[in-house]
Amino acid sequence: MPTDLTPLARLSALVTESGLSQQAFARLVLGRDARSLRRYLGGEPIPETLAAWLRRVEKIEVQTSRVRISVRP
């Protein structure tokens, strides 16, 4: 995934590429509720800690019983 994307574009791309619903992505990947994810996708500021983490995410793999997140150090 390109590293020059804005946090909003990166978050949107990760949700789409994961194939998860917004609710599942929020709960399983972000550890937040779906309302927070919808607010971020709607344009509310993404907290810097989350934006920094999003910049490190390389890919998200969804398997039947788990979600694997690959991040750069």
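This is a predicted model: local features need pLDDT of at least 70, side-chain atom pairs count only at pLDDT 80 or more; totals for chains, interfaces and linings use all residues.

Biologist: How many bridges join strand β1 to strand β2, and in which direction do the strands run?

Modeller: Strand β1 covers residues 57-63 and strand β2 covers residues 66-71. With two residues between them, β1 and β2 form a hairpin. The strands run antiparallel, and the number of bridges that join them is six.

Biologist: Which residue stands opposite S70?

Modeller: S70 is found in strand β2, and, leaving aside neighbours within four places in sequence, S70 is in contact with R56, V57, E58, K59 and E61. The C-alpha atoms of S70 and E58 are separated by 5.4 Å, although these residues lie twelve places apart along the chain. The residue that stands opposite S70, however, is K59.

Biologist: Why are helices α1 and α4 described as oblique to each other?

Modeller: The axes of helix α1 (residues 7-18) and helix α4 (residues 48-56) come within 10 Å and cross at roughly 60 degrees. An angle counts as roughly perpendicular from 65 to 115 degrees and as roughly parallel under 35 degrees. The orientation of α1 and α4 is therefore oblique.

Biologist: Which residues of α1 and α4 meet, and how many of them are nonpolar, polar and charged?

Modeller: The crossing of α1 and α4 is left-handed. On the α1 side the residues are P7, R10, L11 and L14, which meet A51, L54 and R55 of α4. By class, this contact has two charged residues, no polar residues and, for the nonpolar class, five.

Methods
Residues are numbered from 1 along each chain as its sequence is written. Side-chain values use heavy atoms; hydrogens and water are left out. Two strands pair if DSSP finds at least two bridges between them. Helices (H or I, at least four residues) and strands (E, at least two) are DSSP runs, numbered from the N terminus. Contact means heavy atoms within 4.5 Å. Axes are lines fitted to C-alpha atoms, for helices over the stretch in contact, and angles run from 0 to 180 degrees between N-to-C directions. Angles under 35 degrees count as roughly parallel, over 145 as roughly antiparallel, 65 to 115 as roughly perpendicular and the rest as oblique. A crossing is left-handed if the near helix is turned anticlockwise from the far one by less than a right angle, and right-handed if clockwise. Ala, Val, Leu, Ile, Met, Phe, Trp, Tyr, Cys and Pro count as nonpolar, Asp, Glu, Lys and Arg as charged, and the others, Gly among them, as polar.
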